[in-house]
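Dear colleague,

Please find the structure we spoke about below, together with the notes I made while going through it. I would be glad if you read them with the model open beside you.

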Amino acid sequence: MAQPTRPPVTSAPPPQGWAALDEPARRWVLGVAALTCVLVAALPLLALAYSSDELVTIYGIGVLALMCQGAEAVDGWQARTGRRGLGLAGTPMSACTAMRWVIVAVTGYLGLVGLTDLLSGLSGNHSSTQSAADLAASGALITTASVISLLLFWHGSSDVPGWGRLRPRAPITWFAIAAMLQALAQNLSPAAGAQSVASTIARPVTAGDLIIGSLPFGAIAVMGVGPVVRRNAGACLRRLGLTPLRLGWAAGGLATGVVLVTATNAAFGASELTLREAVLHLGPLGLVLVAVGDRRSRGFVLDVLRPPPLPPDDEDATVPPPSTLPLLSNCLRVLTLAVIAFALVDAIGLAVSLLGERLPADCVAQQIRVTQSLSGGPTGRTWYANSAIALTAAVDEELLFRGALQPRVGLVWSALLFASFHLQYTCHGLPSVGDVEIVILGFVFGVLRQRGGLPAAILCHAAYDATILLGF
C-alpha cells in the first residue's frame, strides 16, 4: 500500500534587505538618508563661500565623525537582533572595527604625506608657501602626530593627562585623537603663523570673513556628537552642554565677559616692575595663596576648582544636575572663582607684559596692524556687524572647544587647542602676548562651561569680543 507523500520540513529563508530591519532600524535608515540629502544639497551653497580645499576638509572631518558615531548605532542594532557583523572575506567584522581601520588608514596616509614633506625639505626643495626648512619642520610635525596617534590607538589614551573620559576603542575617540594631534601639528608649524599674520594684515578683515571662518567650528562640533546617526536632538544638546539652561550662570558669564576686558587690559598693561605694579598685580595672588594655606579655606577653593563628577551610567550627561546648594553658597563659589581667575590672570599678565616690552620692534608694529585689521581697518564696522561677529565666533568656537571636546579631553587640552587656532598673534613663528591671553581666556571659558554649562561660556566669549569690537 503506497504511503502518502509528505511535504519536506524546511525553514523559511531569513528576511533580507529592508524586510530584515525592525522599526527603529528603519527610522534610523530614513533619518540617515535625509541627513545625507541635506549634506549633498548644501554643497552648491557652501561652494559660494568656501574653496574646494576648505570644503573637502570640512566635509571630510564632518562625514568621518558621523560615520564613527553611526558605527556604534549599527553595532547596537546588530547586538539587539543577534546579527554577526558586516562580514568581510568570510570573517564577521563589526561596524566599529571597520571604522577604526578607516581611521588608521587615514592617519597612516597623513603620516606618509608628512614624511614626504620632511624628506623633500631635507633635500632642499620648497613649496610656493614654505621654504625648505619650514617644509621639513611641517613634515616632521605631521609625521610625529600620525605616529603618536597610531601608538595611542594601539596602547590606549587613558594614561594621557585629561583624557580619562575618552571612551576606549570607540571609533569617534580614535578620530578625535587623530584630528586633535593633526590640528596641533598643522597650527604649530613654523609657516602657519606667518601665513595667518600675512593674510590678516593684507587687507581689513570683513565681517563676512570672520563669520564664514568661524562656521566650520560649529558645524564640526555638531556633526561630531552624532545627530541622527547616534543621538536625537535632546541628547545632542545635553552632550554639548547646552541643556539644562542655568539662567544665573548665564548672566554671570555675560558679566564676566565684560569684566574680563578691563581685567586683561590692567593685567597686561605693566611696562616695568615697580613696587606699585608688584602690589597691584601680585597682591591678589598673595591673598589666594594665604587662603590656600588654611585647611578649611583650601578645601573650599579646591571644591570650587574641582570638575563636577559625571554619572557613571550616562556618558551623555556632561553637565551635572542643578545644584541644591543655597543661593548664598552658590554666590560665594562664583565670587571665589572670579577672585582666583583674576589673581592668576594678573600674575601671569605682569610677567608676560614685562616680556612683551622686550619684543622686537617689528613684532610690536605687526600686532598693531593685526588688531587694526581685525577691527575692520581705518573705517571700522557697523555696530550690528561687530555684534554678529562676536555672537557667531562665540557660538561656533565654544560649541567645538568647550562643548564637544572639553568633556572628553579636559580643560587644559581644549584651551591649548583653542589658542592654537589664533595664529594671527604669533611673531617670527613664536607665541606672543596675545597668544598667552587667548590661553587664559580659554581656561576662563572652560571653567564656566564646567561649572555652569555651555551657555555661560558662550555668553562670556560673546560679551568679551563685543566689548572690544564695539569699543566699550
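Does Val102 count as buried, partly exposed or exposed, and why? Val102 counts as partly exposed because its relative accessibility is 32%, where buried means under 20% relative accessible area, exposed means over 50%, and partly exposed lies in between (1.4 Å probe, protein chains only).

Before the rest, please note that this is a predicted model, in which local features need pLDDT of at least 70 and side-chain atom pairs count only at pLDDT 80 or more, while totals for chains, interfaces and linings use all residues. Residues are numbered from 1 along each chain as its sequence is written, and side-chain values use heavy atoms, with hydrogens and water left out.

Val102 sits in helix H3, residues 95-122 (helices are DSSP runs of H or I with at least four residues, numbered from the N terminus). Together with Val106, Tyr109, Leu110 and Val113, Val102 makes a nonpolar surface patch of about 380 Å²; such patches consist of residues with over 30% relative accessible area and no salt bridge, the nonpolar side chains (Val, Leu, Ile, Met, Phe, Trp, Tyr) being joined within 5 Å.

The salt bridges number 4, each being a side-chain nitrogen of Lys or Arg within 4 Å of a carboxyl oxygen of Asp or Glu. Glu72, Arg167 and Arg230 are linked in a network of these bridges. Within it, the side chains of Glu72 and Arg167 meet at 2.8 Å, N to O, and this pair links distant parts of the chain, with Glu72 in helix H2 (residues 52-81) and Arg167 in the loop between H4 and H5, 95 residues apart. The side chains of Arg230 and Glu72 meet at 3.7 Å, N to O, and here the partners are 158 residues apart, Arg230 being in the loop between H7 and H8. Glu72 is buried, with a relative accessible area of 19%, whereas Arg230 counts as partly exposed at 26%.

Another bridge joins the side chains of Glu398 and Arg402 at 2.7 Å, N to O. Because they are 4 residues apart in helix H14 (residues 383-420), Glu398 and Arg402 are separated by about one helical turn; Glu398 is buried at 0% relative accessible area, and Arg402 counts as buried at 0% as well.

A cis peptide bond joins Thr243 and Pro244, with omega about 0°, and Pro244 lies in the loop between helix H8 (233-240) and helix H9 (247-267). Arg169 has a positive phi near 65°, and Val228 has a positive phi near 70°.

Best wishes

Note on methods: Patches are made of residues with over 30% relative accessible area and no salt bridge: like charges are joined within 9 Å, nonpolar side chains (Val, Leu, Ile, Met, Phe, Trp, Tyr) within 5 Å. Accessible areas come from the Shrake-Rupley method with a 1.4 Å probe; for residues, only the protein chains shown count as cover. Helices (H or I, at least four residues) and strands (E, at least two) are DSSP runs, numbered from the N terminus.
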